[in-house]
Amino acid sequence: MLEDVIPKAFRALRAFVTRRTTVVCDRIPFEFRGLPLKKLLNLYLVHAAFWVKPGRPWGWPTHMQIEPEARCNLRCVVCPVTTGLGRPIGRMELGVFQKLIDEVGEYLFLILLWDWGEPFLNPDLCEMIAYARKKGIMMMTSTNGHLFQQAEQVDRVIRSGLNVLIVALDGITQETYELYRQGGDIETVLDGIRLLVARKRALKSNTPLVVIRLVVMKQNEAEIPRLRELARSLGVDALSLKTFNPYDSDLALLPKDPRLRRFKHAADGTTFLRRRHNPCLHLWHAPIVHWNGAVCMCTYDSHEEHAFGNLHDSTFRSIWHGDLYRAARRQFRANWEGMALCHECSYAFEGGSCIDEIIADIEFFGPETPDKECKG
């Protein structure tokens, strides 16, 4: 443990002296410069809290995942939007987003602007991105790539200041692609990527970093070498391989290569190996906010069964420090396996940590950072 503490303390000291730090998400490094001391202090107070996992948080969130839209234009296999979210669907209002950013934006480093649904169905998405960027927050979102057909539309995305755009491309042929992305058209996605890359060049913009993402399954794992060639030819910035999460023990989609599977298996080849210690830290630094303002435990609460409050009738502060959140933190620290959501989530199994394990590989074809933030 001491071997881990000393390097972290040194990095913290260096960050305060230089007012610079790097945050890594999905194996993508985000570089921050000129950070306010208040923002850095909060970051390291939160990191210190990870060691003791207190009921009352020591700081404000450093990361946040926000769901701008709960509807989707595709019907992807095993996705909760397809199988049934079991809650009302809709889109987040710009005012709700702005209220949240006004309250906690000065502490946030990174927002993942997606949860369940296609983010670009929300017509206010670019305004949300631009609003958060003015607060010095890095923005990352994901798309199925079907809504990038007009140059004007693409230019709005580029000019919003978006740092990273992940485009799902789960195959190189229509036959393979639609096995998972049902209702999708691969040529539409490829045309959208080409237009995005072309408009970035025309506008002389380094952002967004365009990342093609393959969710690796048995049906597409053999296409990975050709997908690398395709990604390079399209002029995107990176290709990332994400492991497939077998919801409801759906093993038929698992890749044959064990290195590309999310979870480690017992000798029987089907039983997932459980962790003794759950590495999840969401309760202390990274809340999830659904389109309707519900603040939830994590992304795996897709049915919204564990909401701690709602931004329509409460401040984020009152929710973050509220009794429900505090009780969940104490319960996780005492017996995370006794919490139904935590017992079955990706983090509960060997290989399933969303911090450093679920992205099996990433290859950069250009600069390895999406942006350098000069103001906090």
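Helices are DSSP runs of H or I, at least four residues long, numbered from the N terminus. The model described here is predicted.

**Helix α2**

Helix α2 covers residues 37-52. Just after α2, Lys53 takes a positive phi of about 50°. The 16 residues of α2, at 1.5 Å a residue, should span 22 Å, and the end C-alpha atoms lie 23 Å apart, which agrees. Several residues of α2 are buried, among them Leu40, Leu43, Tyr44, Val46 and Phe50. Lys39 and Asn42 are also on the buried list.

**Salt bridges**

The count comes to 19 salt bridges. Three of them are set out here.

| Pair | Closest N to O |
|---|---|
| Arg87 and Glu304 | 3.8 Å |
| Arg228 and Glu363 | 3.1 Å |

Arg87 pairs with Glu304. Arg87 sits in the loop between α3 and α4, and Glu304 in the loop between β10 and β11, so the pair ties together parts 217 residues apart in sequence. Arg87 is buried at 10% relative accessibility. Glu304 is partly exposed at 22%.

Arg228 pairs with Glu363. This pair links helix α9 to strand β12, 135 residues apart. Arg228 is partly exposed at 26% relative accessibility, and Glu363 is partly exposed at 22%.

Arg275 is buried at 11%, whereas Glu357 is partly exposed at 28%. Shared partners also join Arg228, Arg232, Asp361 and Glu363 into one network of salt bridges.

**A charged patch**

Glu175, Glu178, Asp185 and Glu187 gather in a patch of negative charge on the surface. Glu187 belongs to helix α8. Its relative accessible area is 44%, so Glu187 is partly exposed.

Note on methods: Residues are numbered from 1 along each chain as its sequence is written. This is a predicted model: local features need pLDDT of at least 70, side-chain atom pairs count only at pLDDT 80 or more; totals for chains, interfaces and linings use all residues. Side-chain values use heavy atoms; hydrogens and water are left out. Patches are made of residues with over 30% relative accessible area and no salt bridge: like charges are joined within 9 Å, nonpolar side chains (Val, Leu, Ile, Met, Phe, Trp, Tyr) within 5 Å. Accessible areas come from the Shrake-Rupley method with a 1.4 Å probe; for residues, only the protein chains shown count as cover. A salt bridge is a side-chain nitrogen of Lys or Arg within 4 Å of a carboxyl oxygen of Asp or Glu. Lys and Arg count as positive and Asp and Glu as negative; His and the chain ends are not counted. The place of a charge is taken as NZ of Lys, CZ of Arg, CG of Asp or CD of Glu. Helices (H or I, at least four residues) and strands (E, at least two) are DSSP runs, numbered from the N terminus. Buried means under 20% relative accessible area, exposed over 50%, partly exposed in between (1.4 Å probe, protein chains only). The expected span of a helix is 1.5 Å times one less than its number of residues.
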